Amino acid sequence: MLLIHQRLAELYTISRMRPLTPAELTEQQHCLHVNSVYCWEISRLNMEELLAARTGDVLWQEEIQAQLAEVRTSGKAARRRKE
């Protein structure tokens, strides 16, 4: 879980007790945007890993698995090599 997910949970909990302030609403929107980018990146990498597995490209699959691990822990993957 990323810190952004913890903050989203906090903002949700706060919103159940009282209306969010304008600053909190802005922060919530930022968190939702970051979460959306994160989810799409995980989805893209999962699809690429499946493609690599189905084509038998073990090196590509290992590279994607490393990127997935990096995204899951830091929220971002290092730039991919262009071939």
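Guide: Helix α2 (residues 22–55) packs with helix α3 (residues 58–74) at an angle of about 160°, their axes 9 Å apart. This is a predicted model, where local features need pLDDT of at least 70, side-chain atom pairs count only at pLDDT 80 or more, and totals for chains, interfaces and linings use all residues. Residues are numbered from 1 along each chain as its sequence is written, and side-chain values use heavy atoms, leaving out hydrogens and water.

Visitor: Why is α2 called roughly antiparallel to α3?

Guide: Angles over 145 degrees count as roughly antiparallel, and the angle here is about 160°, so α2 is roughly antiparallel to α3.

Visitor: How do you know whether E48 is buried or exposed?

Guide: Buried means under 20% relative accessible area, exposed over 50%, partly exposed in between (1.4 Å probe, protein chains only). E48 has 17%, so E48 is buried. R44, at 28%, counts as partly exposed.

Visitor: What does the salt bridge of E27 with R7 tie together?

Guide: The closest N and O atoms of E27 and R7 are 2.8 Å apart. E27 lies in helix α2 and R7 in helix α1 (residues 3–17), so the pair links parts 20 residues apart in sequence.

Technical notes:
Axes are lines fitted to C-alpha atoms, for helices over the stretch in contact, and angles run from 0 to 180 degrees between N-to-C directions. Helices (H or I, at least four residues) and strands (E, at least two) are DSSP runs, numbered from the N terminus. Angles under 35 degrees count as roughly parallel, over 145 as roughly antiparallel, 65 to 115 as roughly perpendicular and the rest as oblique. A salt bridge is a side-chain nitrogen of Lys or Arg within 4 Å of a carboxyl oxygen of Asp or Glu.
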